[in-house]
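Here is a short report on one protein chain. Look at the model first, then read on.

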Amino acid sequence: MSLETEQINELHWLMEMLHTIDVGLVVLDRQYTIQIWNGFMENHSGLLPREVKGKNIFSLFEEIPQEWFTRKAESVFLLKNKAFTIWEQRPYVFKFENYRPITGTADFMYQNSTFIPLISATGEVTHLCLIIYDVTDNAVHKIDLEQANEELAILSKTDGLTGLFNRRHWEHCLQAEYKRWTRSHNASCLVMIDIDHFKRVNDSYGHLVGDEVIRHLSDLIREHVRETDVSGRYGGEEFSILLADTSLENANVFAERLRQKVASSLIKYNDIEVNYTISMGIAEISAEQKTYEAWIESADGALYQSKENGRNRVTLYKG
């Protein structure tokens, strides 16, 4: 076999390899005109090499941000260094559909890309090679993992029955508010809530109805609190609400509105109808409370007074 024949075969093999590799390969000149378009790009774009050769890349693919792409490419042309982009920075360069059955949940192909300078015999960068990697599997797995971690973080903070904060997270928020008060001394109030005669509800109608009562109160709390308020299930049939930047007078207005709404509500569960009421205690933070636990005790003491004085009422802690 002659040297010329070997060189022709090597060139043929090289072109075949570039055409069939499982990455996208595009060669552009300085005017961003497509010179080479391999099989990966053909398969995912539906465009043959002869259809794109000599065409401006931006006229064919409007999804490519021209300003971003040219800024990236010009640095490669001028500095003769590679440049990279990953899917976290930009999900794709070419918006190709995702054909992978394993990651069928993705609407498009996530891509990493590499910009490579192609240097001529004169030492000038005359062309640019753009390599496109399909990283959809990795991207989808990472996105799913992050979403799962976010959901776990939410679950670790919330009570499963009510969707309100659980006691551990709620106390963490209260402790943070107490520390904030030591610096700002802005008025804040703590409301403790207890469902009256809840054991009687469970004994008379069963725990499923009792759970429905708890969920009903949780929904009413969500309807009445502000986004800045922190509400949680303190335990069993007891709830707690932190009203930040709220005076005792305004907290009392809030509590009375909630108490009256509960008292006028009728819960229906299958053929069972239930009325219930709540007792509430409110304590405004002051220098008297040396710890956040003491603040809880003050509100809890006011709640106890409400229950002792006949229930279905709001009591303010006087200190």
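Tyr-32 sits in the loop between strand 1 (24-29) and strand 2 (34-37). Strands (E, at least two residues) and helices (H or I, at least four) are DSSP runs, numbered from the N terminus. The model is predicted: local features need pLDDT of at least 70, side-chain atom pairs count only at pLDDT 80 or more, and totals for chains, interfaces and linings use all residues. Residues are numbered from 1 along each chain as its sequence is written, and side-chain values use heavy atoms, leaving out hydrogens and water.

Most residues other than glycine have a negative phi. Tyr-32 has a positive phi, near 60 degrees. His-197 also has a positive value, near 50 degrees. His-197 lies in the loop between strand 6 (189-195) and helix 8 (198-205).

How buried or exposed is each? Buried means under 20% relative accessible area, exposed over 50%, and partly exposed in between (1.4 Å probe, protein chains only).

| Residue | Phi | Relative accessible area | State |
|---|---|---|---|
| Tyr-32 | near 60 degrees | 8% | buried |
| His-197 | near 50 degrees | 37% | partly exposed |

**A residue in strand 11**

Now turn to Ala-283. This residue lies in strand 11 (residues 278-284). Ala-283 counts as buried because its relative accessible area is 0%. Which residues does Ala-283 contact, leaving aside neighbours within four places in sequence? They are Ser-188, Cys-189, Leu-190, Trp-295, Ser-298, Ala-299 and Tyr-317. Contact means heavy atoms within 4.5 Å. Thr-315 is 32 residues from Ala-283 along the chain, and their C-alpha atoms are separated by 8.9 Å.

**The whole chain**

The protein chain has eleven helices and twelve strands. Its radius of gyration is 33 Å, well over the 20 Å that the globule rule gives for 319 residues, so the chain is more spread out than a compact globule. That radius is taken over C-alpha atoms, and the rule is 2.2 Å times the number of residues to the power 0.38. Along the principal axes, the C-alpha atoms fill a box of roughly 110 × 50 × 35 Å.

Of the 319 residues, 41% count as buried. Take the contacts between residues at least 6 apart in sequence: 62% of them join residues at least 24 apart.
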